[in-house]
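Please look through the sequence and the 3D model below before reading on. The notes that come after them are meant to be read side by side with the picture.

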Amino acid sequence: MAEFCLDCWNKLNGTHSTERDYILSDDLDLCEGCGQFRPVIEKARSFKWFYDLWHKKRRQS
């Protein structure tokens, strides 16, 4: 799996995500976008995803 820092991830996807949206690595890893050693995204925060889904569903009702 490709490893990207948050800045490169936002550039690639055209988003404005923050550290609240993703769990970042504790150690510095090589970002495949910029080639620098930075904390990279490990996974999306699942609670944030459920929270957004719940609010979307609630608005439709």
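The briefing below goes from the overall layout to individual groups of residues.

This is a predicted model, in which local features need pLDDT of at least 70 and side-chain atom pairs count only at pLDDT 80 or more, while totals for chains, interfaces and linings use all residues. Residues are numbered from 1 along each chain as its sequence is written, and side-chain values use heavy atoms, with hydrogens and water left out. The protein has two helices and four strands, where helices (H or I, at least four residues) and strands (E, at least two) are DSSP runs numbered from the N terminus.

**Overall layout**

- Read along the sequence, the elements follow the pattern α-β-β-β-β-α.
- Of the 61 residues in the protein, 20% are buried; buried means under 20% relative accessible area, exposed means over 50%, and partly exposed lies in between (1.4 Å probe, protein chains only).
- Among the contacts with a separation of 6 or more, 41% are between residues 24 or more positions apart, a contact being heavy atoms within 4.5 Å.
- The protein exposes about 5,200 Å², of which carbon and sulfur atoms supply 53%; such areas come from the Shrake-Rupley method with a 1.4 Å probe, and for residues only the protein chains shown count as cover.

- Gly14 follows α1 and has a positive phi, near 65 degrees.
- Ser17 is found in the loop between α1 and β1, and at 16% relative accessibility Ser17 counts as buried.
- Leaving aside residues up to four places away in sequence, Ser17 touches Leu6, Asn10 and Tyr22.

**The salt bridge**

- A search of the whole structure finds one salt bridge, meaning a side-chain nitrogen of Lys or Arg within 4 Å of a carboxyl oxygen of Asp or Glu.
- The side chains that meet in this salt bridge are those of Asp7 and Arg38, at 2.8 Å from N to O.
- Asp7 lies in helix α1 and Arg38 in strand β3 (residues 37-38), so the pair ties together parts that are 31 residues apart in sequence.
- Asp7 is partly exposed at 40% relative accessibility, and Arg38 is also partly exposed, with a relative accessible area of 26%.

**Aromatic rings**

- A pair of aromatic rings is described by the distance of the centres and the angle of the planes.
- Rings of Phe, Tyr and Trp (its six-membered ring) pair if their centres lie within 6.5 Å, and planes under 30 degrees apart count as stacked, over 60 as edge-to-face and the rest as tilted.
- By this rule the count comes to two aromatic pairs.
- The ring centres of Phe4 and Trp9 are 6.5 Å apart and their planes are at 45 degrees, so the pair is tilted.
- The ring centres of Trp9 and Tyr22 are 6.1 Å apart and their planes are at 75 degrees, so this pair is edge-to-face.
- Trp9 lies in helix α1 and Tyr22 in strand β1, so the pair ties together parts that are 13 residues apart in sequence.
- Phe4, Trp9 and Tyr22 form one aromatic cluster, in which Phe4 is buried at 18%, Trp9 is partly exposed at 29% and Tyr22 is buried at 16% relative accessible area.

**Cysteines**

- A disulfide is a covalent bond between the sulfur atoms of two cysteines.
- The structure holds zero disulfides, a disulfide being counted as a pair of cysteine sulfur atoms within 2.5 Å.
- For Cys5, the closest cysteine sulfur is that of Cys8 at 3.5 Å, which is too far for a bond.
- For Cys31, the closest cysteine sulfur is again in Cys8, at 3.6 Å, also too far for a bond.
- Cys5 counts as buried at 1% relative accessibility, and Cys31 counts as buried at 1% as well.

**The loop between β1 and β2**

- Leu28 has its place in the loop between β1 (22-24) and β2 (29-30), and Leu28 is exposed, with a relative accessible area of 53%.
- Asp26 lies in the loop between β1 and β2, and Asp26 is exposed, with a relative accessible area of 78%.
- Asp26 and Arg38 are twelve residues apart in sequence, and their C-alpha atoms are 9.5 Å apart in space.
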